[in-house]
Amino acid sequence: MLQSIRFQTAIYCRSELSAPWGFSVLGRDFATFHLITHGRCCLEVDGLARRAWLTEGDLIILPTGRAHVVRDAPSSPVTHLEDLIATAPRDTGGVLRSGGGGVSTALVCGGFQFEDRANPVLASLPPLIHLRSHRRSAYGWLNLALEFLGEEAESQRPGAETMMVRLADLLFIDAVRAYVSARGSTKSGLAAALRDPRIATAVVAIHRQPDVKWDIRRLAKQAAMSRAAFADRFKALVGESPISYLTRCRMNKATGLLASSHVPLAQIAARVGYESEASFARAFKRDIGMSPAAYRRKRMASD
């Protein structure tokens with residue numbers, strides 16, 4: 001399922017900020033992450049009532065790119081991040097330095113630009129994923145990767161920026177894995193569905209074989225449930241009907257093939273479970289808002 005997420009990483013900056021300091025980030029159409037490599041600070045996310053305190057080694061990801069504020073203390077004034085980057089001096093290592101001269105905090109800030117924000121996996125993620133440093137032993141190699149990213153951020157070795165970009169890609173994937181596998185992370189959504197053995201069987205089957213002629217009866221059989229019980233349980237956990245979710249998965253795969261290959265439309269139709277190019281084109285236009293051919297031309301032109 002994670003293979004369906006296609007994105008590129010861009011490192012905004014490496015920062016060393018001294019109290020008092022604060023910056024705000026406007027809402028974006030891509031995900032944002034902050035890794036605290038030294039010190040502590042607080043995070044306020046638009047639409048979330050609770051303030052989160054971040055300490056050294058913590059990683060936070062905002063998958064939907066919500067507007068937010070990061071600062072050393074709740075009362076500290078804030079500056080737009082773009083303005084801070086534009087006006088604050090950088091040393092020879094490319095580190096942004098700013099603040100009032102007090103206690104220091106160091107961060108690595110970056111973003112994940114997704115090719116398809118309608119991806120069912122992305123759509124299921126919460127507005128904030130917070131991986132705390134003191135709990136990372138449960139997240140496998142993520143602990144080492146974050147330490148390595150922090151070391152690269154503070155080094156001035158050749159290729160440090162490239163190393164951070166590659167590590168950040170892996171961190172996003174592993175952060176999603178950690179969130180999905182964490183017990184009690186959510187009572188609904190894809191993460192909860194994947195922790196339900198019967199519903200997970202059907203969800204994985206959809207992702208592995210979107211070309212199969214799935215219907216409620218066949219998916220319910222996959223989950224070893226009655227059709228009514230399966231449909232109700234699936235919608236309660238995932239938030240949409242099995243057929244609606246199936247369509248989104250098929251369209252996600254189709255947009256990926258259209259954007260990254262010259263595979264004929266008839267073959268793409270077959271790969272995503274449609275009997276004819278015409279039926280695929282109708283479903284695609286209904287869901288995406290344009291024909292498959294027009295979508296391909298638009299993506300090719302933008303690349």
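Both F284 and Y295 are buried, where buried means under 20% relative accessible area, exposed means over 50% and partly exposed lies in between, with a 1.4 Å probe and protein chains only. This is a predicted model, in which local features need pLDDT of at least 70 and side-chain atom pairs count only at pLDDT 80 or more, while totals for chains, interfaces and linings use all residues. Residues are numbered from 1 along each chain as its sequence is written, and side-chain values use heavy atoms, with hydrogens and water left out.

**Aromatic rings**

- The structure holds six aromatic pairs, where rings of Phe, Tyr and Trp (its six-membered ring) pair if their centres lie within 6.5 Å, and planes under 30 degrees apart count as stacked, over 60 as edge-to-face and the rest as tilted.
- Ring pairs join Y274, F280, F284 and Y295 into a cluster.

**Charges over rings**

- The charged end of R250 sits over the ring of Y274, 5.5 Å from its centre, a contact that requires NZ of Lys or CZ of Arg within 6 Å of the ring centre and within 35 degrees of the ring normal.
- R218 lies over the face of W214, at 5.7 Å from the ring centre.

**The sheet**

- An open sheet of five strands has the order β5-β4-β7-β2-β8, with mixed pairing, and two strands pair if DSSP finds at least two bridges between them.
- β5 (52-55) and β8 (79-80) stand at the edges with a single partner strand each, so one side of each has no neighbour in the sheet.
- Strands β4 (residues 40-45) and β7 (residues 68-71) run antiparallel and are joined by four bridges, and L43 stands opposite V70 in β7.

**Cysteines**

- A search of the whole structure finds zero disulfides, a disulfide being a pair of cysteine sulfur atoms within 2.5 Å.
- The sulfur of C42 is too far for a bond because the closest cysteine sulfur, in C41, is 6.9 Å away.
- C42 counts as buried, at 0% relative accessibility, and C109 counts as buried at 0% relative accessibility.

Terms used: Helix = DSSP H or I, 4+ residues; strand = E, 2+ residues; numbered from the N terminus.
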